[in-house]
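Here are my notes on the model, as numbered points. Please read them with the structure open.

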Amino acid sequence: MKSELAALEELQHLDLKTLDLHNEPKGIPENLEAMKAEVGHIASLLQKEKERLEEAEQWRLDREKDVAAQNAMLAKSKVKLQTVRNEKEHKAVQREIDNIRKNIQDREEEAIKVMEAIEQYRSAIEDHTREFGELEAQLRESEEQAKARMADLEEAIGKVNSRKGEITARVSPELLRLYKRIHKRLGRAVVEAKDGYCMGCNMEILAQAYNELQRGDKLYQCANCFRILVFKPKEESEEPAL
Ligand SMILES: [Zn+2]
């Protein structure tokens, strides 16, 4: 019975480890999804900024064309000014010229403002492009790490499973069934009996049972939680290292 109980304890240790191994990958996709969302957010921000920059540049080109057209009109009006025949005509053409000059000045002022905006867009795009590159590199690195970790986990699960197979063969089918039933319900199915108490539920164990239990030649279950009890001499009562 002693060796069967020892085998059960190792089996339990492996079962709990298997749970951890199966649980870990659940956190991996969540982290990656959050990073992907961040990368996507920066990408769409960048796209909008590029569109705004294009619009502003188009607007500036339009203003430049406008100024060129106004300058051509100005040249024509100046020629016209040379051919006026009287004061009235002179005044009219002069007014025309003044208007054109005013228009040109307005367009040039607008062009300066839009140039400033263009500079701001360009610098924002530069910053976000750099940020995007960094995030994307981080994401790729995390994906690689996740892949490697998943492979490690799969390998570890494979090893644990083959070891479980070896140990299971050393436990009687009845005891194994009992263990599985309790394990399914309570997780930890094999617990230590220490100083007269069940370490699974902290209930006191009857003195008679506790004395017999210490010999380790019979199967004892806690009268309260039904977990399988094992007694360990002081120096052994440590959790096995992973
Ligand atoms: Zn108990």
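1. Among contacts in the protein chain between residues at least 6 apart in sequence, what percentage join residues at least 24 apart? The figure is 73%. Two residues are in contact if their C-beta atoms, placed from the backbone, lie within 7 Å.

2. A word on the source. This is a predicted model, in which local features need pLDDT of at least 70 and side-chain atom pairs count only at pLDDT 80 or more, while totals for chains, interfaces and linings use all residues. Residues are numbered from 1 along each chain as its sequence is written.

3. The protein chain has 4 helices and 4 strands. Their order from the N terminus is α-α-α-β-β-α-β-β. Helices (H or I, at least four residues) and strands (E, at least two) are DSSP runs, numbered from the N terminus.

4. Now the overall shape. The radius of gyration of the protein chain is 42 Å, well over the 18 Å from the globule rule for 242 residues, so the chain is more spread out than a compact globule. That radius is taken over C-alpha atoms, and the rule is 2.2 Å times the number of residues to the power 0.38. Along its principal axes, the C-alpha trace spans about 135 × 35 × 30 Å.

5. Of the 242 residues, 11% count as buried. Buried means 20 or more other C-beta atoms within 10 Å of the residue's own, exposed means 12 or fewer, and partly exposed is in between; C-beta atoms are placed from the backbone.

6. Look at helix H1 (residues 2-82) and helix H2 (residues 87-168). Their axes come within 5 Å and cross at roughly 165°. H1 and H2 are therefore roughly antiparallel (angles over 145 degrees). Axes are lines fitted to C-alpha atoms, for helices over the stretch in contact, and angles run from 0 to 180 degrees between N-to-C directions.

7. By class, the contact of H1 with H2 has 42 nonpolar, 12 polar and 27 charged residues. Ala, Val, Leu, Ile, Met, Phe, Trp, Tyr, Cys and Pro count as nonpolar, Asp, Glu, Lys and Arg as charged, and the others, Gly among them, as polar.

8. Two loop residues deserve a check. Asp 195 sits in the loop between strand S1 (190-194) and strand S2 (197-198). Asp 195 is not a glycine, yet has a positive phi of about 50°. Asn 202, in the loop between S2 and helix H4 (207-215), has a positive phi of about 65° and is not a glycine either.

Technical notes: Angles under 35 degrees count as roughly parallel, over 145 as roughly antiparallel, 65 to 115 as roughly perpendicular and the rest as oblique.
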